[in-house]
Amino acid sequence: MWFVGRGTGIVALLMFTLTVVLGVLTRSGRSAPGITLFGIADLHRTAALAGTGLVAVHVTTLLVDPFSQLRLVDLVVPFHAGYRPLWVGLGALALDTLVVLVGSSLLRHRIGPRLFRALHWAAYAMWPLAFVHALGSGTDAATWWLRGIAAICALAVTGAVWWRASERFHLHGRPTLDRRAAR
Amino acid sequence: MSPPTGARRLLLAEDTSLAAHLERYGPLTTRVDLVRLLEHAGLTGHGGAGFPAATKLRGAASRGAGVVIANGAEGEPASAKDRALLQHAPHLVLDGLLLAARATGARSAYVATPSPRTAEALREQLALREQLTVRRDRLRTEVVVVEDRFISGEESALVNAVEGRPGIPRDRAVPVFERGVRRQPTLVHNVETLAHLALIARFGSEWFRSVGTREQPGTFLATVSGDVAAPGVHEVEHGAPLPQLIDAAGGPTSGVQAVLVGGFHGAWVPGASVPSTTMSSSSLAPHGASVGAGVVLVLGYDRCGLRESAGIASYLAGQSARQCGPCVLGLPRLAESLARLVHPGVDPGSVDEVVRMTALVRGRGACAHPDGTARFVISTLRAFSDDIAAHGRGGCRATPAH
Amino acid sequence: MPRLHIDWTRCDGHGLCAELLPELLGRDEWGYPLPRAALDLDVRLLEHAEHAVDACPLLALKIIG
């Protein structure tokens, strides 16, 4: 049971890493040979939902597993868990942020593009929380394979965010409209 | 009370006081079947689109319009009639606003003007009228100062301005008369339309139709400017000959090379056609023009029509609200392609490129700004084709006076 | 017949709609959708249009009527 909990957590992190990278790719408006814009956006959504599903299993198994000492309240009130409260607390924060992300995405047609985009920036908070939580709360943080996975994820997200923040991001022959000039 | 005779109807009061207004036009009764009256009268809108007022009112009345707006924004630089009307005959406009509100059941009304001074005067006039009205007949009317930009008079831009937002157009998946100010059905009428409405309610539809043409009865306010001796606002009947309007403005100062009818979103009438052109849709349609908001801009022979048009196109591009990609990116390119016909130089440009750009911007924006600009440019290509050829050879057909 | 409505104040020329509805939409030189004709949606196109409405990152599409 512990392995299921741990395993789903790690795969969820991989899914969210993929989600962030694909999210930046979606925002860039670029496609790649063999995959359409719609394909990228769709994959982004699928990866996010897969990650969310895995997190649900991850949290449920840990709640049920007596070894982990996790209570329901720990999911919402961080840093008071019985086991490694700091790292688990970060996981709780990541979970709460994930709920906001998923909720706002499912309701995006109701809340409108501006609020949706504002809330979606929380993704840049959610991933680091999940990452640090994963490294700190597991018993196998020192193993080479986990370090390897963590390094790949960190590299991918750092690269994607670096690109997103760079000036080159917007230079793809398609001028983006500065709508603030209209206000 | 005797109704006005002839073509002068709107600007007859001695001064802007309520007393002078009542003396000239008599009291207003709001107990009229306004929709029926307007149907018989055949009043069309005076804001540019020329939509039948009765149809618009009936639509709003059936929805129980919550809000009525008197549109005096007049973003068109070559038009001055809304300003003149609000300055000289405010009570006619306010009467019309009251009538429209009664007919649609609106509980609140707004008057939009770009001039703070006019706004102050209107507020005083409204306060005076309110004192003389019983409480239950009062209409809550607010005067809103809007920005003096070309698109400020667009219906949804007005709704935004009234709501305190930036006065730029909205996406209109749902039209304003269905959902406008505070999500209520909103009826927007040009101030001149409301003024005519106020007269029709007093003197009837037969009187209204006693001048003008059968298709377009009544009078309208024309703003004549450009190369004329005495530019100004003149009231004429529909169907009046275009030369009559030009003469009313003191006559041309350097001949009539062409006349822009309908403002910057209108079309050029070539000089040769002007003597036989009347201010009616049937006469103007072959040139791609319509009476619209009555804007008449005369171009004399001492100016170059192509150069002037390129300047207008550039102005229009700069007036974009900057919300919609094809407009923000396409209109400057359109203006540039027209300018390249003026100064061929190294990169001659072509008429085909201009036409391509007009097709690219049409219908691809939240409002009609790109469409109107395209219409104007197309008429430029047609009316000044000889100038395009001359500029292509390095010359110009304008003959400046010395 | 229902039709596809483009909210130009939101559209940023991403182009997912043109991918999903190539029969109706091309793209101009800046990436914005270019309607080939009236955007009427017959039964065949309606489902693809619904995908496009859902997929547009700026929520710039609506089906009206």
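In E9(B), which residue is the bridge partner of Val261(B)?

Author: Happy to! This is a predicted model, in which local features need pLDDT of at least 70, side-chain atom pairs count only at pLDDT 80 or more, and totals for chains, interfaces and linings use all residues. Residues are numbered from 1 along each chain as its sequence is written, while chains are lettered from A and ligands numbered from 1 in the order in which they are written.

The bridge partner of Val261(B) in E9(B) is Val296(B). Strand E7 of chain B covers residues 258-261, and E9 of chain B covers residues 295-299. The two run antiparallel and are joined by four bridges; strands count as paired if DSSP finds at least two bridges between them.

E7(B) also pairs with strand E8 (residues 267-270) of chain B, again antiparallel and through four bridges. There, Ala258(B) has Pro270(B) as its bridge partner in E8(B). Five residues lie between the strands of this hairpin, and Gly262(B) takes a positive phi near 100°.

Now for the side chains of E7(B). Ala258(B) and Leu260(B) point one way, whereas Val259(B) and Val261(B) point the other way. In a regular strand the side chains alternate between the two faces of the sheet.

Let us step back to the domains. An automatic or database domain assignment gives the bounds, and it divides chain B into domain 1 (18-208), domain 2 (219-299) and domain 3 (305-392). The centres of domain 2 and domain 3 of chain B, taken over C-alpha atoms, are separated by 22 Å. Eleven residues of domain 2 of chain B and twelve residues of domain 3 of chain B make up their contact, where contact requires C-beta atoms, placed from the backbone, within 7 Å. E8(B) supplies the largest share of the domain 2 side, three residues. By class, that side has six nonpolar, five polar and no charged residues. Nonpolar here covers Ala, Val, Leu, Ile, Met, Phe, Trp, Tyr, Cys and Pro, charged covers Asp, Glu, Lys and Arg, and the others, Gly among them, are polar.

Conventions
Buried ≥ 20, exposed ≤ 12 C-beta atoms within 10 Å, placed from the backbone. Contact = placed C-beta atoms within 7 Å.
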